[in-house]
Amino acid sequence: MIDVRALFPQTTTDIWLEIGFGAGEHLATQAARNPDVGIIGGEVFINGVASLVRYVDAQSLKNIRIFNDDVRLLLPALPDGCLSRVFVLFPDPWPKVRHAKRRFIGPQNLNHLARVMRPGAELRIASDHPVYIQWVMEQVPPHPAFTWQVTGPEDWATAPPDHVETRYQLKAGKEGRKPAFFRFFRTAARA
Ligand SMILES: C[S@@+](CC[C@H](N)C(=O)[O-])C[C@H]1O[C@@H](n2cnc3c(N)ncnc32)[C@H](O)[C@@H]1O
């Protein structure tokens with residue numbers, strides 16, 4: 001198991017994880033705004049990793065650690081309950097039915113996330129793809145470890161107040177696609 005606290009000697013509060021950070025603008029901004037939080041970013045796309053490193057360098061960010069590989073390899077090595085927030089922003093939708101198994105949100109990864117998230121931790125998912133939006137609603141609320149926070153009928157259409165627009169989100173907006181935002185919370189009883 002990885003000692004995640006030891007990765008962030010200057011961090012005193014929480015550890016967050018962003019899965020598939022793309023070019024890293026969301027992760028870098030969150031890290032700059034929350035210097036007491038340590039953020040692990042996972043991304044397989046090497047140009048995205050290089051982009052995040054540029055943000056880290058330009059802003060002298062000390063609270064980011066990069067896992068430049070498939071996050072599915074990292075999750076089993078994380079200790080129980082070590083994360084207080086996980087971001088999955090605009091994951092690859094894999095909209096064809098025959099590719100559904102490739103979607104990041106699914107039973108196996110949700111079980112891993114349930115284990116590594118502490119009670120009350122937030123799983124924040126955003127997507128602009130109708131197939132994936134439907135998929136998230138089918139996959140996450142029935143999972144016993146997660147509760148969907150809905151504050152109103154149009155809740156899903158509004159970005160959380162601390163959200164940072166991502167490059168992929170901007171592109172989707174320009175092409176007329178409307179994103180949905182989901183905030184799920186790890187239930188207190190471990191499932
Ligand atoms: C559609 S892009 C969105 C990127 C970014 N979140 C944004 O909103 O701009 C999805 C990203 O997830 C990354 N990705 C997909 N599966 C991954 C995995 N298992 N581990 C790490 N990164 C992954 C891809 O390389 C890609 O950069």
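Which helix gives the most to the shell around the ligand? The helix is H7, with three residues.

## Basis of the model

This is a predicted model, in which local features need pLDDT of at least 70 and side-chain atom pairs count only at pLDDT 80 or more, while totals for chains, interfaces and linings use all residues. Residues are numbered from 1 along each chain as its sequence is written.

## Overall architecture

The protein chain contains seven helices and seven strands; helices (H or I, at least four residues) and strands (E, at least two) are DSSP runs, numbered from the N terminus. Along the sequence the pattern reads α-β-α-β-α-β-α-β-α-β-α-β-α-β.

The C-alpha trace of the protein chain spans about 40 × 40 × 35 Å along its principal axes. The radius of gyration of the protein chain is 16 Å, in agreement with the value near 16 Å that a compact globule of 191 residues would have. The radius is taken over C-alpha atoms, and the globule rule is 2.2 Å times the number of residues to the power 0.38. Among contacts with a separation of 6 or more in the protein chain, 76% join residues 24 or more positions apart; a contact requires C-beta atoms, placed from the backbone, within 7 Å.

## Burial and the nonpolar core

Of the 191 residues of the protein chain, 35% count as buried. A residue is buried if 20 or more other C-beta atoms lie within 10 Å of its own, exposed if 12 or fewer, and partly exposed in between, with C-beta atoms placed from the backbone.

The largest nonpolar core has 45 residues, and Leu83, Val86, Met117 and Val136 have the most contacts inside it. Such a core is a set of buried Ala, Val, Leu, Ile, Met, Phe, Trp, Tyr and Cys residues joined through C-beta atoms within 7 Å. Not counting residues up to four places away in sequence, Val86 touches Leu17, Ile19, Leu113, Met117 and Leu123.

## Strand E1

Strand E1 (residues 15–19) is mostly covered, with five of its five residues buried. Ile15, Leu17 and Ile19 lie on one side and Trp16 and Glu18 on the other, so that both faces are covered.

E1 runs parallel to strand E2 (residues 38–42), to which five bridges join it; two strands pair if DSSP finds at least two bridges between them. Within this pairing, Glu18 stands opposite Gly41 in E2.

## Ligand surroundings

The ligand is surrounded by 21 residues, of which the closest are Gly20, Gly22, Phe90, Thr166 and Tyr168. A residue is near a molecule if its C-beta atom, placed from the backbone, lies within 6 Å of it. Helix H4 (71–74) and helix H7 (167–174) are the elements that give two or more residues to this shell.

By class, the shell has ten nonpolar, six polar and five charged residues. Ala, Val, Leu, Ile, Met, Phe, Trp, Tyr, Cys and Pro count as nonpolar, Asp, Glu, Lys and Arg as charged, and the others, Gly among them, as polar.

## Two loop residues

Arg103 lies in the loop between strand E4 (83–89) and helix H5 (107–116). Arg103 is partly exposed because 19 other C-beta atoms lie within 10 Å. Beyond residues up to four places away in sequence, Arg103 touches Pro91, Trp94, Tyr132 and Trp135.

Ala77 occupies the loop between H4 and E4. Ala77 counts as exposed because it has 11 C-beta neighbours inside 10 Å. Apart from neighbours within four places in sequence, Ala77 is in contact with Met1 and Ile2.

Conventions: Contact = placed C-beta atoms within 7 Å.
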